[in-house]
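User: I would like to learn how to read a few features of a protein model. Please show the structure before we start.

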Amino acid sequence: MTEYVGEIMNDEQVEARLLEYKEQNEVHFHMMQLQSGYVIDAGRMGNKARFINHSCDPNCDAHKWYIGKAMRIGIVAQRAIPKDAEITYDYQWDNFSVHRVECKCGAEASQNHSRRYSSRGRGFGSGVIVTAL
């Protein structure tokens, strides 16, 4: 479907960026862990992939692969996705917050269990819609 792109940052840079976001009262983050010690921050330099919403019953997965020596993340369809359907994947968030945030994705799977999500990790946008097959 697409590649998840943005600034590649180490843990120290991520902490500085999160502090900057806090000072700006920014509450929506577009970050995904690339590998141990590195995160992709798609907030400033990302593409439409940063607006893909979470679902407990997703139609896509995030896959990591290497191109040369560089690790990349691709959003890959799990199945055929009809035109005008929203693109989703399971964020599998780590909880960095003391606050419990219940999943509200609306998928039947999320109704059957309680998952603990963090407010750090991904933003909530209008989503990404399939416009062409």
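User: Among contacts in the chain between residues at least 6 apart in sequence, what percentage join residues at least 24 apart?

Analyst: A contact means heavy atoms within 4.5 Å. Here 68% of those contacts join residues at least 24 apart. This is a predicted model, in which local features need pLDDT of at least 70 and side-chain atom pairs count only at pLDDT 80 or more, while totals for chains, interfaces and linings use all residues. Residues are numbered from 1 along each chain as its sequence is written, and side-chain values use heavy atoms, with hydrogens and water left out.

User: How many helices and strands are in the chain?

Analyst: Helices (H or I, at least four residues) and strands (E, at least two) are DSSP runs, numbered from the N terminus. This chain has 2 helices and 9 strands, in the order β-β-α-β-β-β-β-β-β-α-β from the N terminus.

User: Which residues touch the most other members of the largest nonpolar core?

Analyst: A nonpolar core is a set of buried Ala, Val, Leu, Ile, Met, Phe, Trp, Tyr and Cys residues joined through side-chain atoms within 4.5 Å. Buried means under 20% relative accessible area (1.4 Å probe, protein chains only). In this core of 17 residues, they are Tyr4, Ile52, Cys60, Ile73 and Tyr89. Strands S3 (31-35), S7 (70-77) and S8 (86-89) each supply at least two residues of the core, and S7 gives the largest share, 3 residues. Apart from this core lies another of 7 residues, including Leu18 and Phe29.

User: What share of the residues of the chain count as buried?

Analyst: Of its 133 residues, 38% are buried.

How values were computed: Buried < 20%, exposed > 50% of the residue type's maximum accessible area, 1.4 Å probe, protein only.
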